[in-house]
Amino acid sequence: LCANFAGRLSISSTDDCDATIGNFIHHTMCLWNGETCVLEQLAKEYGINADADSMANSITSFWDWMEHTYGKPTKIEREVPFSFVSDNGQVVTGEIDLVYHTAEGDVLVDYKTYQGSPAHLTDESSDFHTGKKYGAQIALYEEALKRNHSVIRDRLVCYLSLGVIIRMK
């Protein structure tokens, strides 16, 4: 599934670094409280050029899409740390960007930054195919949640800058 929840945002960084934009988006989604001034302050701190009102509309549309698709959450967790020892003895640690808890199960969401064509995200021949690029990462997130007795309802990758959500199989 590839769902559009908002339009493309025009975002750039003064250092011309995609990682800066990614860090800004993660921080924005973690701190979003409905106030545009938060976006303006974060953009200033990160050296980001973006229209705060457009960003606010996109974030609001994301949350509206989540509620419309999965219902009202029973709980929302952001930047959820995890650590476990895999079956082969490897220590796995990380942070899940968002866990949207519902009565029917949990939806895990990972935020990504990509400025290219949304069509590349679902094209299996593309280097930017979401499943090929992030499937293993999302599988680890799912395993971490399951080890904590979570019932996984869905796995999503959200490209806020594109206004697109990809459902992982």
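Rings of Phe, Tyr and Trp (its six-membered ring) are taken to pair if their centres lie within 6.5 Å, with planes under 30 degrees apart counted as stacked, over 60 as edge-to-face and the rest as tilted. On this basis, Phe-5, Phe-62, Trp-63, Trp-65, Tyr-70, Tyr-100 and Tyr-111 form one aromatic cluster. The model is predicted, and local features need pLDDT of at least 70, side-chain atom pairs count only at pLDDT 80 or more, and totals for chains, interfaces and linings use all residues. Residues are numbered from 1 along each chain as its sequence is written, and side-chain values use heavy atoms, with hydrogens and water left out.

The structure holds 11 aromatic pairs. One of them is the edge-to-face pair of Phe-62 and Trp-63, at 5.1 Å centre to centre and with 75 degrees between the planes. Both Phe-62 and Trp-63 are buried (under 20% relative accessible area, 1.4 Å probe, protein chains only). Phe-82 and Phe-84 form a stacked pair, 6.1 Å centre to centre, with 25 degrees between the planes; Phe-82 and Phe-84 are likewise buried.

Helices are DSSP runs (H or I, at least four residues), numbered from the N terminus. Helix H1 (residues 18-31) packs with helix H3 (residues 52-70) at an angle of about 60 degrees, and their axes are 12 Å apart; axes are lines fitted to C-alpha atoms over the stretch in contact, and angles run from 0 to 180 degrees between N-to-C directions. H1 and H3 are therefore oblique to each other (angles under 35 degrees count as roughly parallel, over 145 as roughly antiparallel, 65 to 115 as roughly perpendicular and the rest as oblique). In contact (heavy atoms within 4.5 Å), Phe-24, Thr-28 and Met-29 of H1 meet Met-55, Ile-59, Phe-62 and Trp-63 of H3.

How values were computed:
Buried < 20%, exposed > 50% of the residue type's maximum accessible area, 1.4 Å probe, protein only. Helix = DSSP H or I, 4+ residues; strand = E, 2+ residues; numbered from the N terminus.
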